[in-house]
Amino acid sequence: MNSSINLSIGIVKNNLGWETILSQEGIEFSYLDDLHLINSAQFSAIIITKNTPQKSYPAILQYLKCGGIGLFESIKFCEIFSISMTTKKVKYLISNKNSIYAEIGLIDLEAKISIPNQKKWNYLDTELNIFDYNINKGKIIVLPFEVNSLVLDERSKRKKFYANRKELPSEVVSLVSKGKLREIVRISLQKLFEFRNLPFIQKNYFPEQYKSVFIFRVDTDFCNEIQATNLQSLCEKYKIKGSWFADTKQNVRFENVYAKMKSQEIGLHCYRHLVFDDYSENAKNFEKGMDVFRKCKMNPVGFVAPFGEWNQALGKVIEDFDFKFSSEFSLDYDNFPFYPIIDGEKSAVLQIPIHPISVGRLRRSHFSKNEMIDYYLKIIEEKLQKNEPIIIYHHPHHEMLEIFENLFRFIDSLDVKKMSMNDYYLWWQKRENTEIKARYYHNEIIFDKPKSNLFVRISYQGKQEIISMNKNINLQNIDWKSSSKPMFQKDIK
């Protein structure tokens, strides 16, 4: 290797869905501005999407022939390489249990996939229809779906959630499994970087070297003062700063309980427990809710919608009322934070997805208390294995505090950081605003602007480590760890 390689990934503009995933994963990227010249030293990898213009094809091919790597959407792969394809609509796909994508399990799509017509491809996963393709010294991985449109999809649907029993819990959530889509992109990019023998660098998902964060969200609708106070006491016992989202119609309860909570975070849930398709109706509901906060001289920064519903009209109101973050599982769940796209522009309000199954949903599916505890413990363990935030929510009127005492005790035994939603929002803002400008040369990662307060996740040849970005990093000096993967659920289908 005679010259350094820029570890940034190249992508053309107008791919907000792709950019959402890259930002969630903390992967540095830059735009392919000069489409006539794509240099393998300038970009460690490129992403080729449906929006990639035809005038860039010669430069893309030259980049690959010289040893570059690329992640392609199949519709563009077929166009560039003049290959016919078959298009079909699928409800979901399930990964092969022995593939590099085994941890994905079932991914809901309800969308068209495009499969190139050729008898033999080197499939990385035959069920997901993902394969790799060599071109001279370079390599590409081809995905069968349009990532951009799926990430931006706003459809919702009642879906069942996996448990080791016959009757499963359900909730109305985002129709597309966007978190699984993000995982597929990350795994694919890691595989490509292995081929090119380059380190794959990401901003760490959590503060410092923590393995995860634990956030406890509380939606207060329909609970009484005793139920709220009892849950608050449990949170304080385990030093958990819960994120409470208040139903303000019962303003006496608000003044007597929520306004007096000093150790907890208080945000807005609703005045009327409804979400409207109309901007003005949502705005009226917000205004009445905020009047109660103002009377108590409180200024909430977070909002969560009734029933987890989200639409563009609601998104605009959340933004216009100057909220900093919100959390609606009909838009996304079990995923990293992101900024929704409203009218083609990135919202200023951070969306913080949670695990959407509450105790109430488990009770409706006739879970015993022990089964409920077991369900949440498995969710927590899966989040740890997947390096995802652990965000669970509860309604105080469902009570069942012994379940959460068990969970809080388990959390105390783990290397995770307890945070409120606002804490996580503030940290995520810092993460978003910190750039990783890095080059690779002679086994060393060279940072243009090292920062001691940011930790990076480095993956290299199947192993990884989290390390401070305070100086240049020699790969030979890293105490690499093998990455663990979640078990494939054999009965998922």
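**Charged pairs and a buried strand**

Tutor: Lysine 139 and aspartate 132 are both buried, where buried means under 20% relative accessible area, exposed means over 50%, and partly exposed covers what lies in between, with a 1.4 Å probe and protein chains only. What you are looking at is a predicted model, in which local features need pLDDT of at least 70 and side-chain atom pairs count only at pLDDT 80 or more, while totals for chains, interfaces and linings use all residues. Residues are numbered from 1 along each chain as its sequence is written, and side-chain values use heavy atoms, with hydrogens and water left out.

The element names come from DSSP runs, helices (H or I) having at least four residues and strands (E) at least two, numbered from the N terminus. Lysine 50 is partly exposed at 44% relative accessibility, and glutamate 146 is also partly exposed, at 25%.

Arginine 165 and glutamate 371 also meet in a salt bridge, at 3.3 Å from N to O. This pair links distant parts of the chain, since arginine 165 belongs to the loop between strand E11 (156-160) and strand E12 (170-174), while glutamate 371 belongs to helix H11 (residues 369-386), 206 residues apart. Arginine 165 counts as partly exposed at 23% relative accessibility, and glutamate 371 is partly exposed with a relative accessible area of 30%. Elsewhere, salt bridges that share partners join Glu25, Glu103, Arg182, Arg186, Asp334, Lys383 and Glu388 into one network.

Let us turn to the strands. All six of the six residues of strand E16 (residues 265-270) are buried, so this strand is largely enclosed by the rest of the structure. Strand E15 (residues 243-247) pairs with E16 in the parallel sense over five bridges, and two strands are said to pair if DSSP finds at least two bridges between them. Within this pairing, alanine 246 stands opposite leucine 268 in E16. Together with helix H7 (residues 251-256), E15 and E16 make a right-handed β-α-β unit; a crossover is right-handed if, with the strands pointing away from the viewer, the path from the first strand over the helix to the second runs clockwise.

Serine 243 is a residue of E15 and is buried, with a relative accessible area of 0%. Setting aside residues up to four places away in sequence, serine 243 touches Ile215, Phe216, Arg217, Val218, Glu265, Ser420 and Met421, contact meaning heavy atoms within 4.5 Å. With glutamate 265, the side chain of serine 243 makes a polar contact, side chain to side chain, at 2.8 Å. Such a contact is a pair of N or O atoms within 3.5 Å; within protein, one must be able to donate a hydrogen and the other to accept it, and residues adjacent in sequence count only if both atoms are side-chain atoms. The side chain of serine 243 also reaches the backbone nitrogen of methionine 421, at 2.8 Å.

A nonpolar core is a set of buried Ala, Val, Leu, Ile, Met, Phe, Trp, Tyr and Cys residues joined through side-chain atoms within 4.5 Å. Of the 80 residues in this core, those that touch the most other members are Phe216, Tyr258, Ile266, Tyr375, Phe404, Phe408 and Tyr424. Helix H11 gives the most to this core, with six residues. A second, separate core has 78 residues, among them Tyr63, Phe77, Val90 and Met469.

Key. A salt bridge is a side-chain nitrogen of Lys or Arg within 4 Å of a carboxyl oxygen of Asp or Glu.
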